[in-house]
Amino acid sequence: AISWTGGKDCNLALLYAKRNLSLDVQYLICFRPEENAFRAHPIPFMEAQAASIGLTLLFVMIPKDTTDYMQAYVDGMTK
């Protein structure tokens, strides 16, 4: 899986991962705040990107009162 916001950095990470034959990227993961404004690229844009490259875009919701973001990411990905 590649952490995805739709921008150039995650696109470059995907390119490197796709070129590494030992990796099998199957998902794009976007971490979203539960109630705060979403500041990455527009969601329909990211969905179109994922569809155009044949990958599933998953959203991991980060609870609004989170103080430990790393743990919130881990918890969200294990659900």
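From the N terminus on, the elements of this protein run β-α-β-α-β-α, which comes to 3 helices and 3 strands, where helices (H or I, at least four residues) and strands (E, at least two) are DSSP runs numbered from the N terminus. The model is predicted, so local features need pLDDT of at least 70 and side-chain atom pairs count only at pLDDT 80 or more, whereas totals for chains, interfaces and linings use all residues. Residues are numbered from 1 along each chain as its sequence is written, and side-chain values use heavy atoms, with hydrogens and water left out.

**Confidence and overall dimensions**

- The mean pLDDT (the predictor's confidence in each residue, from 0 to 100) of the protein is 90, and 99% of its residues reach 70 or more.
- Confidence is lowest in helix α3 (residues 69-78), at a mean of 84, and highest in α1, at 96.
- The C-alpha trace spans about 40 × 25 × 20 Å along its principal axes, and the accessible surface (Shrake-Rupley method with a 1.4 Å probe; for residues, only the protein chains shown count as cover) comes to about 5600 Å², of which 55% belongs to carbon and sulfur atoms.
- Of the 79 residues, 28% are buried, where buried means under 20% relative accessible area, exposed over 50%, and partly exposed in between (1.4 Å probe, protein chains only).
- Among contacts (heavy atoms within 4.5 Å) between residues at least 6 apart in sequence, 63% join residues at least 24 apart.

- L14, leaving aside its neighbours within four places in sequence, is in contact with I2, W4, V25, L28, I53 and L55.

- The buried residues I43, M46, Q49 and A50 belong to α2; they lie on the same side of the helix because they cover an arc of only 120 degrees around its axis, the arc being that of the directions from the helix axis to the C-beta atoms.
- An α-helix has 3.6 residues a turn, so residues three or four places apart point the same way.
- What covers the buried residues of α2 includes α1, β2 and β3 (56-62), while the face turned away from the buried side carries the exposed residues P44, A51 and S52.
- F45, also found in α2, counts as partly exposed at 41% relative accessibility, and its C-alpha lies 18 Å from that of M61, 16 residues apart in sequence.
- Just after α2, G54 takes a positive phi of about 75 degrees.

- Q49 of α2 is buried, with a relative accessible area of 15%, and it touches W4, G6 and N11, not counting residues up to four places away in sequence.
- The side chain of Q49 makes a polar contact with the side chain of W4 at 3.1 Å; a polar contact is a pair of N or O atoms within 3.5 Å, of which, within protein, one must be able to donate a hydrogen and the other to accept it, and residues adjacent in sequence count only if both atoms are side-chain atoms.
- T66, in the loop between β3 and α3, is buried with a relative accessible area of 15%, and a polar atom of its side chain lies 2.7 Å from the backbone oxygen of P63.
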